[in-house]
Every structure is written in C-alpha cells, then in structure tokens.
Amino acid sequence: PRSTLFPYTTLFRSLCVSLSTDFRCKSTMSKADELFNEAMVVHRMNDMSMLCWPMPEVGPDECLVAVRRVGICGSDVHYWKEGRVGDNFILRKPMVIGHESSGTVIRVGSKVSGVKAGDNVAMEPGLPCESCQQCRATKYNLCPVLTGNEQPKGRQGFFATPPRHGSLQRYVAHPANFCFPLPETVSLDEGAMCEPLSVGVYACEQRANIKPGDNVAIFGAGPIGTMCAIVAHGLGASRIMLVDMQEDRLTFCKEKCCPVLPVAVQRGMQAEAVASKIIELNGGTQVDSCIDCAGAEVCLQAAIKCTKNGGKICVVGLGKPLQTLPIADAAIREVDICGVFRYRHTYPKCIELLAKKKVNVMPLITHRFHFTNESILDAFETCHTGRDGAIKCMISVGDEENEVEAAAKVLDASTCCFI
C-alpha cells in the first residue's frame, strides 16, 4: 500500500536530494555520460524537493533550452501549499514547478527556423491544442486545454499546471514557436519577467485598449496591479491613478517603477467616495479606462462610476463569484466590461517594450536565489510569507556561462535526446 511505502519513498527522495551535486541518475544521462537534468518537484501539499529528472526528448520543431532564470508566481506557491489552484487545476501526481522562465538554446530540431543555438530566449509557457475553435480564431489562451476544461495531450498544456511539468529544471524542450529570442539589450531576468509582464500587456493593450494620452485608473497595487501600471505608462498613458489600501505599495510603485498618482483608500469606503477621489485627481473628469486587479466588489463598483461614457473596464483580479454591480449605469453609458484569462500574442510586445526601455520590471525582483534544494525552498517560503517585502523571487539556474557552453559541447558528441 502507498501508506506503507511512504516513509521509504520519502527517504529515497531525501537521499537523492542530498547527493544531487554528485549523483547522476542513469535515466538522465546522455551518451556522452556528462549531461544530466535535475528538477524541483511538488509531490503533494507541503512536500517539494529537487530530484534527478530525465533529459527531455526534443522534437523536430522544438528547442532544447538550458534554463537560466525562473521567477516564482503565486500559483506556484498555491500548488506547493494547497495542491491546487481553483477547481480546474488540481495536483494529482508529482509535478515539476515553475513557469516564468528564460534560458539559452543549446540545440534546435531539424524543422526549426528563426531560433538558433546560442540564443537567449523567453519561453511562453502555454501550449494550446492548435485545432479547436478558439485556436483557429487565434484566441489560443481560451483553448479548453489551457482553461482546464479538457485534458492536455502530448506536449499540450501550461508549464506547472497539472498534468504538465514546469520549467524549474536544468533543461526543457519547448516548441520554437513559443521561444522568443531576446536582443542583447534584454537580460535573462527580463526574459523571465515577460510572463508576468504579459498579463499587463494583454490587459492594458489588447483588452483595455490603452492609447497614448489616455487617463487610467488601476485598482490594486500588488505585483499584477503594479505591472499594469508599468505597462500603461509604457504605452503612453498620461495619467495613471493607482488605488490601494497599503500606502507602502503605492509609494513603491511611484518611487521605483513608474509615475503614478497614488489613491490611498481605507477599508469600508463606499464606491462613490473612491470614484470621487479618482475623478478629482483626474482633473474633475472620468477616466478613459479602468483595470481592476483587486477583485473586491467595491473596486468594480467604483470602476464603473469613474469610467467615462464609452470607456472600458478590464477585470484582472477575481473576487467573489457573485457580485452586486451598478450594471444599468454601465449599460446606458456603454461602459464595456471585459475579462482576462492569462494572455495571447504578447511576448513580442513585451520584448519590444523592454528593448526600447519603455518599461522597467527590474525593481519588482526583490529577492534572488540559487538552484539548490535549500535555496529554492527558502525562495518559496519567502514568497509565501512576503518576508522582507518580497514581490518577485528570482532563481538562477546554471548561471555560469561555461556551464551552458559545456552542455552544448556534450550535445555535439551525442544526439540521443533528439527524435
């Protein structure tokens, strides 16, 4: 029975972790007997460790990527602490964690063009089915495989979303179409940050349609709200009102990230009062668009009241499933309310904004960690507790240049991981 074997499997994992710097699992070795893989695996709630992991097989349209940076997202912490994210994504078997990632291509498949060995790339983590109605309409983020309504097949699915393994490992195979080369002006850190930046780009550019000169209100100054403020500024918004109850968050965004007009609110404030503060800061007029990253009912109520006729409200944060809203007010003034599920077609825009220095995401990386079992566990605990003002924890994997070069030389002598 599994319960009888549990102490022994735990002991084996601990032994593998303790010897990980010297011991190389036979199943992970290349024919050159040098290349090996390791991965951080969530086994169940509150149980995560580094294991020897099989080297990925690389298809003709894929790249073998030496992972270099992985950021920790709130969803990663949820799988570790709760074993699930919502009702659709439940951990039922061990899974490699991590989905905000960048790395260096060390090999490409026979049918790959546009990406070459030696390129630093940002990896978009979601791989749709490419054949459903949504995919055919180019709305691949709404593919049932990615929304959790259908089971992924083969390589389909989203990094670190059950049942697909994530990217917190030394090597991953990833389709070239979802590997985006980084110019020299964009760092590996910024490449990994393209994933959370994509949420802001999708919300601000594609859904809220923010244009140069627009005035925008953003509710919630957490990591995603701050990212949306950064993107809105990068897209040329003239005035950005950022709303939150925590004044330290507002100060951080204003001083470290981008120019915003802080709107400090208190618990229990009515929607009318919040909307009035926003309108006052906007020179007495309603804003062109609002982005709600807080998910609180009062925020969406205030957003409707402070948005101009014909304006847009983009709902990013999720709160109560049922909320009371002044929907008639929105309807008669043609205030459009739209939702967001992850993103689509955003990575090129993210890289463009970063390369042109229109956005600065580096202040969000507050803590750095190494690719060891102990350091990664410390990183997750830091994210979980928010210790020392943690916003984004970044893990360096195989950071030494000679390590990537050595891996490429090993592959020159062996093609065993290619199909």
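Trainee: How many bridges join strand 13 to strand 14, and do they run parallel or antiparallel?
Mentor: Keep in mind that this is a predicted model. Five bridges join the two strands, and strands 13 and 14 run parallel. One of the pairings puts Phe219 with Val243 of strand 14.

Trainee: What does the chain pass through from strand 13 to strand 14?
Mentor: Helix 6. The β-α-β crossover from strand 13 to strand 14 is right-handed.

Trainee: And strand 16, how many bridges join strand 13 to that?
Mentor: Four, and strand 13 and strand 16 (residues 287-292) also run parallel. There, Ile218 stands opposite Ile291.

Trainee: Is strand 13 mostly covered or uncovered?
Mentor: Mostly covered, with five of its five residues buried. Asn215, Ala217 and Phe219 are on one side, while Val216 and Ile218 are on the other.

Trainee: Changing topic: which residues of helix 7 are buried?
Mentor: Leu250, Cys253 and Cys257, in a helix that spans residues 247-257.
Trainee: Why are they on the same side of helix 7?
Mentor: Because they cover an arc of only 95° around the axis. In general, an α-helix has 3.6 residues a turn, so residues three or four places apart point the same way.

Trainee: What do the buried residues of helix 7 pack against?
Mentor: Helix 6 (223-234), strand 14 (239-244) and strand 15 (261-264).
Trainee: Which exposed residues does the face turned away carry?
Mentor: On helix 7, that face has Glu247, Asp248, Glu255 and Lys256.

Key. Residues numbered from 1 in each chain as written. Predicted model: local features only at pLDDT ≥ 70, side-chain atom pairs only at ≥ 80, totals over all residues. Heavy atoms only, no water. Buried < 20%, exposed > 50% of the residue type's maximum accessible area, 1.4 Å probe, protein only. Arc of directions from axis to C-beta. Contact = heavy atoms within 4.5 Å. Pairing = 2+ DSSP bridges. Right-handed = clockwise from strand over helix to strand, strands pointing away.
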